Amino acid sequence: SSPAKIIDGKVYAERLRAEVAREVAQLKADHGLQPGLAVVLVGDDPASQIYVRSKGEHSLAVGMHSVTHRLPGDTQQAELMRLIAELNADPLIHGILVQLPLPKHLDERAVLAAINPDKDVDGLHVVNAGRLASGMPALTPCTPLGCMILLRETVGDLSGLRAVVVGRSVLVGRPIAQLLLQADCTVTIAHSRTRDLPAVCREADILVAAVGRPRMIRGDWIKPGAAVIDVGINRVPFDDPAKAAAGRTKVVGDVNFKEASQVAGWITPVPGGVGLMTVAVLLQNTVTAARRLQGLA
Ligand code: NDP
(Lines give C-alpha, C1' and ligand atoms only; values in the text may rest on other atoms or scores of the structure.)
Protein backbone atom coordinates (compact mmCIF):
# COMPACT_ATOMS: atom_id res chain seq x y z
CA SER A 1 0.00 0.00 0.00
CA SER A 2 1.14 3.55 -0.67
CA PRO A 3 1.90 5.87 2.24
CA ALA A 4 -0.87 8.07 3.62
CA LYS A 5 -1.57 11.63 2.53
CA ILE A 6 -0.55 13.96 5.33
CA ILE A 7 -3.29 16.36 6.46
CA ASP A 8 -1.50 19.66 7.00
CA GLY A 9 -3.37 21.48 9.78
CA LYS A 10 -1.51 24.69 9.04
CA VAL A 11 -3.06 25.00 5.58
CA TYR A 12 -6.64 24.51 6.81
CA ALA A 13 -6.18 26.67 9.90
CA GLU A 14 -4.80 29.55 7.81
CA ARG A 15 -7.66 29.18 5.35
CA LEU A 16 -10.23 29.25 8.15
CA ARG A 17 -8.65 32.29 9.80
CA ALA A 18 -8.69 34.15 6.49
CA GLU A 19 -12.36 33.27 6.06
CA VAL A 20 -13.13 34.50 9.60
CA ALA A 21 -11.26 37.75 8.91
CA ARG A 22 -13.45 38.31 5.82
CA GLU A 23 -16.62 37.61 7.86
CA VAL A 24 -15.51 40.01 10.60
CA ALA A 25 -14.90 42.76 8.02
CA GLN A 26 -18.31 42.06 6.46
CA LEU A 27 -20.11 42.21 9.81
CA LYS A 28 -18.45 45.54 10.56
CA ALA A 29 -19.30 46.97 7.16
CA ASP A 30 -22.88 45.70 6.94
CA HIS A 31 -24.00 45.83 10.56
CA GLY A 32 -21.47 47.87 12.51
CA LEU A 33 -20.85 44.70 14.50
CA GLN A 34 -17.38 43.81 15.74
CA PRO A 35 -17.27 40.31 17.28
CA GLY A 36 -15.64 40.42 20.72
CA LEU A 37 -13.85 37.63 22.59
CA ALA A 38 -13.01 37.62 26.30
CA VAL A 39 -10.47 35.10 27.54
CA VAL A 40 -10.10 34.47 31.27
CA LEU A 41 -6.93 32.96 32.73
CA VAL A 42 -6.60 32.19 36.44
CA GLY A 43 -3.08 31.52 37.70
CA ASP A 44 0.18 31.15 35.81
CA ASP A 45 0.25 27.66 34.33
CA PRO A 46 2.88 27.94 31.56
CA ALA A 47 0.97 25.96 28.90
CA SER A 48 -2.24 27.90 29.61
CA GLN A 49 -0.36 31.18 29.31
CA ILE A 50 0.85 30.20 25.84
CA TYR A 51 -2.66 29.18 24.72
CA VAL A 52 -4.23 32.35 26.11
CA ARG A 53 -1.67 34.60 24.46
CA SER A 54 -2.23 32.84 21.13
CA LYS A 55 -6.02 33.24 21.41
CA GLY A 56 -5.65 36.96 22.13
CA GLU A 57 -3.23 37.54 19.26
CA HIS A 58 -5.23 35.59 16.69
CA SER A 59 -8.50 37.29 17.61
CA LEU A 60 -6.88 40.71 17.13
CA ALA A 61 -5.32 39.56 13.85
CA VAL A 62 -8.75 38.79 12.34
CA GLY A 63 -10.07 42.19 13.42
CA MET A 64 -12.02 41.21 16.52
CA HIS A 65 -12.38 43.06 19.77
CA SER A 66 -10.29 41.06 22.23
CA VAL A 67 -9.90 41.24 26.00
CA THR A 68 -7.77 38.99 28.19
CA HIS A 69 -8.42 38.90 31.94
CA ARG A 70 -5.43 37.52 33.86
CA LEU A 71 -6.36 36.78 37.47
CA PRO A 72 -4.01 35.68 40.26
CA GLY A 73 -3.85 31.98 41.18
CA ASP A 74 -5.53 32.61 44.55
CA THR A 75 -8.62 34.25 43.03
CA GLN A 76 -11.75 33.27 44.94
CA GLN A 77 -14.79 31.61 43.36
CA ALA A 78 -17.08 34.60 44.04
CA GLU A 79 -14.68 36.97 42.33
CA LEU A 80 -14.47 34.79 39.22
CA MET A 81 -18.26 34.43 39.15
CA ARG A 82 -18.56 38.22 39.34
CA LEU A 83 -16.30 38.59 36.31
CA ILE A 84 -18.34 36.02 34.35
CA ALA A 85 -21.54 37.92 35.20
CA GLU A 86 -19.96 41.16 33.96
CA LEU A 87 -18.87 39.55 30.70
CA ASN A 88 -22.33 37.99 30.25
CA ALA A 89 -23.80 41.49 30.48
CA ASP A 90 -21.16 43.23 28.34
CA PRO A 91 -22.63 44.04 24.90
CA LEU A 92 -19.15 44.28 23.33
CA ILE A 93 -18.37 40.67 24.28
CA HIS A 94 -19.90 37.81 22.25
CA GLY A 95 -17.59 34.99 23.27
CA ILE A 96 -16.36 34.04 26.74
CA LEU A 97 -13.64 31.45 27.21
CA VAL A 98 -12.35 30.38 30.61
CA GLN A 99 -8.99 28.67 30.12
CA LEU A 100 -8.93 25.23 31.75
CA PRO A 101 -7.78 23.70 33.97
CA LEU A 102 -8.65 26.09 36.78
CA PRO A 103 -6.69 25.98 40.06
CA LYS A 104 -7.89 23.16 42.32
CA HIS A 105 -9.73 25.37 44.83
CA LEU A 106 -12.16 26.62 42.15
CA ASP A 107 -15.35 24.83 41.09
CA GLU A 108 -14.88 24.40 37.33
CA ARG A 109 -18.40 23.10 36.74
CA ALA A 110 -20.01 26.06 38.48
CA VAL A 111 -17.88 28.48 36.49
CA LEU A 112 -18.76 26.87 33.14
CA ALA A 113 -22.44 26.75 34.13
CA ALA A 114 -22.39 30.50 34.87
CA ILE A 115 -21.42 31.43 31.29
CA ASN A 116 -24.29 32.55 29.09
CA PRO A 117 -24.68 29.51 26.75
CA ASP A 118 -24.99 31.88 23.79
CA LYS A 119 -21.53 33.28 24.60
CA ASP A 120 -20.01 29.87 25.41
CA VAL A 121 -17.53 29.71 22.50
CA ASP A 122 -15.77 26.68 24.01
CA GLY A 123 -19.07 24.78 23.79
CA LEU A 124 -18.66 23.28 27.26
CA HIS A 125 -21.89 24.49 28.86
CA VAL A 126 -24.35 21.61 29.38
CA VAL A 127 -26.92 23.51 27.34
CA ASN A 128 -24.60 23.42 24.34
CA ALA A 129 -23.71 19.76 24.95
CA GLY A 130 -27.44 19.04 25.07
CA ARG A 131 -28.17 21.06 21.94
CA LEU A 132 -25.41 19.20 20.11
CA ALA A 133 -26.71 15.80 21.27
CA SER A 134 -30.23 16.82 20.21
CA GLY A 135 -29.12 17.90 16.75
CA MET A 136 -29.98 21.56 17.45
CA PRO A 137 -27.76 24.52 16.52
CA ALA A 138 -25.11 24.71 19.23
CA LEU A 139 -21.80 26.31 20.02
CA THR A 140 -19.57 23.27 19.59
CA PRO A 141 -16.21 22.51 21.24
CA CYS A 142 -13.36 23.83 19.09
CA THR A 143 -11.05 20.82 18.76
CA PRO A 144 -13.87 18.44 17.74
CA LEU A 145 -15.16 20.93 15.18
CA GLY A 146 -11.60 21.29 13.89
CA CYS A 147 -11.42 17.51 13.38
CA MET A 148 -14.63 17.61 11.35
CA ILE A 149 -13.35 20.39 9.12
CA LEU A 150 -10.22 18.34 8.37
CA LEU A 151 -12.32 15.26 7.58
CA ARG A 152 -14.68 17.16 5.28
CA GLU A 153 -11.75 18.78 3.47
CA THR A 154 -10.04 15.44 2.88
CA VAL A 155 -12.57 12.59 2.88
CA GLY A 156 -15.48 14.79 1.74
CA ASP A 157 -18.87 13.11 2.20
CA LEU A 158 -18.77 11.04 5.40
CA SER A 159 -22.23 9.53 5.04
CA GLY A 160 -22.40 5.81 5.78
CA LEU A 161 -18.78 5.50 6.82
CA ARG A 162 -17.78 3.62 9.95
CA ALA A 163 -16.20 5.94 12.51
CA VAL A 164 -14.45 4.87 15.68
CA VAL A 165 -13.63 7.47 18.33
CA VAL A 166 -11.17 6.31 20.98
CA GLY A 167 -11.83 8.44 24.08
CA ARG A 168 -15.10 9.62 25.65
CA SER A 169 -14.18 12.85 27.41
CA VAL A 170 -16.71 15.67 27.58
CA LEU A 171 -14.12 17.98 26.00
CA VAL A 172 -13.13 15.87 23.00
CA GLY A 173 -14.34 12.29 22.50
CA ARG A 174 -18.08 12.78 23.09
CA PRO A 175 -18.56 15.89 20.98
CA ILE A 176 -16.55 14.37 18.12
CA ALA A 177 -18.78 11.31 18.23
CA GLN A 178 -21.88 13.55 18.11
CA LEU A 179 -20.55 15.46 15.12
CA LEU A 180 -19.70 12.25 13.25
CA LEU A 181 -23.20 10.95 13.96
CA GLN A 182 -24.65 14.20 12.61
CA ALA A 183 -22.56 13.61 9.47
CA ASP A 184 -24.33 10.24 9.09
CA CYS A 185 -21.41 8.05 10.11
CA THR A 186 -21.96 4.80 11.97
CA VAL A 187 -20.20 5.69 15.21
CA THR A 188 -18.50 3.57 17.84
CA ILE A 189 -17.09 5.21 20.97
CA ALA A 190 -14.24 3.23 22.52
CA HIS A 191 -12.63 3.87 25.90
CA SER A 192 -10.47 2.29 28.59
CA ARG A 193 -12.95 -0.56 29.19
CA THR A 194 -13.37 -1.48 25.52
CA ARG A 195 -12.55 -5.12 24.80
CA ASP A 196 -10.15 -5.87 21.96
CA LEU A 197 -9.56 -2.25 21.02
CA PRO A 198 -7.31 -3.16 18.04
CA ALA A 199 -10.17 -5.13 16.43
CA VAL A 200 -12.62 -2.28 17.02
CA CYS A 201 -10.20 0.20 15.45
CA ARG A 202 -9.67 -2.05 12.42
CA GLU A 203 -13.36 -1.57 11.51
CA ALA A 204 -12.93 2.18 11.14
CA ASP A 205 -13.02 4.08 7.87
CA ILE A 206 -12.49 7.10 10.13
CA LEU A 207 -10.41 6.63 13.26
CA VAL A 208 -10.21 9.46 15.78
CA ALA A 209 -7.74 9.08 18.65
CA ALA A 210 -8.38 11.27 21.71
CA VAL A 211 -6.78 9.25 24.47
CA GLY A 212 -3.71 10.98 25.86
CA ARG A 213 -1.41 7.93 25.54
CA PRO A 214 1.68 8.41 23.40
CA ARG A 215 1.71 6.32 20.18
CA MET A 216 -0.79 3.83 21.59
CA ILE A 217 -2.52 3.13 18.26
CA ARG A 218 -0.34 0.89 16.12
CA GLY A 219 -0.13 0.47 12.39
CA ASP A 220 -1.81 -2.94 12.38
CA TRP A 221 -4.88 -1.49 14.17
CA ILE A 222 -5.68 0.56 11.10
CA LYS A 223 -7.84 -0.40 8.16
CA PRO A 224 -5.92 0.22 4.92
CA GLY A 225 -6.97 3.54 3.43
CA ALA A 226 -8.67 4.84 6.59
CA ALA A 227 -8.62 8.52 7.60
CA VAL A 228 -6.78 8.83 10.92
CA ILE A 229 -7.29 11.94 13.05
CA ASP A 230 -4.87 12.15 15.96
CA VAL A 231 -6.02 14.54 18.69
CA GLY A 232 -3.44 13.47 21.26
CA ILE A 233 -0.83 15.87 22.57
CA ASN A 234 1.72 13.96 24.65
CA ARG A 235 5.10 15.11 25.85
CA VAL A 236 7.75 12.34 25.73
CA PRO A 237 11.54 12.14 25.96
CA PHE A 238 13.43 12.26 22.65
CA ASP A 239 14.18 8.90 21.00
CA ASP A 240 17.81 9.95 20.67
CA PRO A 241 19.38 8.82 24.01
CA ALA A 242 21.76 11.79 24.15
CA LYS A 243 18.90 14.29 23.81
CA ALA A 244 16.73 12.27 26.22
CA ALA A 245 19.54 12.23 28.77
CA ALA A 246 19.69 16.02 28.51
CA GLY A 247 16.04 16.03 29.64
CA ARG A 248 14.73 17.24 26.28
CA THR A 249 11.17 16.35 25.34
CA LYS A 250 9.02 16.45 22.22
CA VAL A 251 5.32 16.22 21.43
CA VAL A 252 3.78 13.09 19.91
CA GLY A 253 0.21 11.98 19.26
CA ASP A 254 -1.85 8.98 20.38
CA VAL A 255 -1.09 7.27 17.07
CA ASN A 256 2.19 5.64 16.12
CA PHE A 257 2.66 7.90 13.13
CA LYS A 258 5.55 6.01 11.57
CA GLU A 259 3.56 2.78 11.39
CA ALA A 260 0.13 4.26 10.76
CA SER A 261 1.23 6.46 7.88
CA GLN A 262 2.18 3.31 5.96
CA VAL A 263 -1.38 1.97 6.18
CA ALA A 264 -3.81 4.88 6.41
CA GLY A 265 -5.20 6.85 3.46
CA TRP A 266 -5.00 10.16 5.28
CA ILE A 267 -3.39 11.04 8.60
CA THR A 268 -2.88 14.14 10.75
CA PRO A 269 0.65 14.65 12.10
CA VAL A 270 1.38 15.73 15.69
CA PRO A 271 2.38 18.48 15.94
CA GLY A 272 1.06 20.18 12.83
CA GLY A 273 -2.40 18.64 12.54
CA VAL A 274 -5.54 18.99 14.66
CA GLY A 275 -3.83 21.15 17.29
CA LEU A 276 -3.47 24.05 14.87
CA MET A 277 -7.20 24.08 14.10
CA THR A 278 -8.43 24.74 17.64
CA VAL A 279 -7.82 28.49 17.83
CA ALA A 280 -9.09 29.07 14.28
CA VAL A 281 -12.35 27.33 15.19
CA LEU A 282 -12.57 29.41 18.38
CA LEU A 283 -12.52 32.53 16.21
CA GLN A 284 -15.22 31.08 13.98
CA ASN A 285 -17.34 30.21 17.03
CA THR A 286 -17.01 33.80 18.21
CA VAL A 287 -18.32 35.07 14.87
CA THR A 288 -21.18 32.56 15.06
CA ALA A 289 -22.02 33.71 18.60
CA ALA A 290 -21.92 37.38 17.59
CA ARG A 291 -24.26 36.78 14.64
CA ARG A 292 -26.73 34.82 16.76
CA LEU A 293 -26.68 37.33 19.61
CA GLN A 294 -27.46 40.07 17.05
CA GLY A 295 -30.21 37.99 15.48
CA LEU A 296 -28.30 37.73 12.20
CA ALA A 297 -27.79 33.95 12.16
P1 NDP B 1 -9.08 12.58 28.95
O2 NDP B 1 -7.98 12.06 29.79
O3 NDP B 1 -10.14 13.43 29.54
O4 NDP B 1 -9.81 11.35 28.23
C5 NDP B 1 -9.09 10.27 27.71
C6 NDP B 1 -10.03 9.21 27.19
O7 NDP B 1 -9.25 8.15 26.68
C8 NDP B 1 -10.95 8.64 28.25
O9 NDP B 1 -12.26 8.50 27.75
C10 NDP B 1 -10.33 7.27 28.55
O11 NDP B 1 -11.27 6.27 28.85
C12 NDP B 1 -9.70 6.92 27.23
N13 NDP B 1 -8.56 6.01 27.45
C14 NDP B 1 -7.54 6.14 28.31
N15 NDP B 1 -6.72 5.09 28.22
C16 NDP B 1 -7.21 4.28 27.29
C17 NDP B 1 -6.82 3.03 26.75
N18 NDP B 1 -5.72 2.40 27.17
N19 NDP B 1 -7.59 2.47 25.80
C20 NDP B 1 -8.71 3.09 25.36
N21 NDP B 1 -9.13 4.27 25.82
C22 NDP B 1 -8.40 4.86 26.78
O23 NDP B 1 -8.36 13.34 27.75
P24 NDP B 1 -8.96 14.43 26.72
O25 NDP B 1 -10.11 13.83 25.99
O26 NDP B 1 -9.12 15.73 27.37
O27 NDP B 1 -7.73 14.57 25.71
C28 NDP B 1 -7.28 13.51 24.92
C29 NDP B 1 -5.99 13.89 24.24
O30 NDP B 1 -6.23 15.00 23.36
C31 NDP B 1 -4.88 14.37 25.18
O32 NDP B 1 -3.64 13.93 24.66
C33 NDP B 1 -4.97 15.87 25.11
O34 NDP B 1 -3.73 16.49 25.38
C35 NDP B 1 -5.37 16.08 23.68
N36 NDP B 1 -6.09 17.34 23.44
C37 NDP B 1 -5.73 18.10 22.35
C38 NDP B 1 -6.38 19.28 22.07
C39 NDP B 1 -5.97 20.06 20.86
O40 NDP B 1 -5.48 19.52 19.91
N41 NDP B 1 -6.15 21.35 20.85
C42 NDP B 1 -7.47 19.78 22.91
C43 NDP B 1 -7.83 18.88 23.99
C44 NDP B 1 -7.14 17.72 24.22
P45 NDP B 1 -12.17 6.28 30.21
O46 NDP B 1 -13.27 7.28 29.94
O47 NDP B 1 -12.69 4.89 30.28
O48 NDP B 1 -11.26 6.67 31.31
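Student: What covers the buried residues of α5?

Tutor: This is a predicted model, so keep that in mind as we go. The cover over the buried residues of α5 includes α7, residues 173-182.

Student: Which residues of α5 are buried?

Tutor: In α5, which runs over residues 126-133, they are Asn 128, Ala 129 and Leu 132. To be called buried, a residue needs 20 or more other C-beta atoms within 10 Å of its own.

Student: How do you know that they line one face of the helix?

Tutor: Look down the axis of α5: its buried residues fall within an arc of 100°, so they sit along one face. After α5 comes Gly 135, with a positive phi near 75°.

Student: Why is Arg 168 called partly exposed?

Tutor: Count the neighbours. Arg 168 has 18 other C-beta atoms within 10 Å.

Student: Where is Arg 168 found, and what is it in contact with?

Tutor: Arg 168 is in the loop between β5 (162-166) and α7. Leaving out neighbours within four places in sequence, its contacts are Gly 173, Arg 174, Ile 189 and His 191. For a contact, the two C-beta atoms must lie within 7 Å.

Student: What makes Ile 233 partly exposed?

Tutor: Try the count again: Ile 233 has 17 other C-beta atoms within 10 Å. That falls between the cut-offs of 12 and 20, so Ile 233 is partly exposed. Ile 233 sits in the loop between β8 (227-230) and β9 (234-237). Setting aside neighbours within four places in sequence, Ile 233 is in contact with Val 251, Val 270 and Gly 275.

Student: Which residues does the UniProt annotation "binding site" cover?

Tutor: The unreviewed UniProt entry gives Gly 167, Arg 168, Ser 169 and Ile 233. As for the ligand in the model, 25 residues surround it, and Gly 167 and Ser 169 are among the closest. That shell divides into ten nonpolar, twelve polar and three charged residues.

Student: How do you know that the radius of gyration agrees with a compact globule?

Tutor: Set the two values side by side. A compact globule of 297 residues would have a radius of gyration near 19 Å, and the protein chain has 20 Å, so the two agree. Buried residues make up 43% of the chain.

Notes:
Residues numbered from 1 in each chain as written. Predicted model: local features only at pLDDT ≥ 70, side-chain atom pairs only at ≥ 80, totals over all residues. Rg over C-alpha atoms; globule rule 2.2 N^0.38 Å. Near = placed C-beta within 6 Å. Nonpolar A, V, L, I, M, F, W, Y, C, P; charged D, E, K, R; others polar. Helix = DSSP H or I, 4+ residues; strand = E, 2+ residues; numbered from the N terminus. Arc of directions from axis to C-beta. UniProt positions renumbered as here; feature names shortened; annotations may be inferred.
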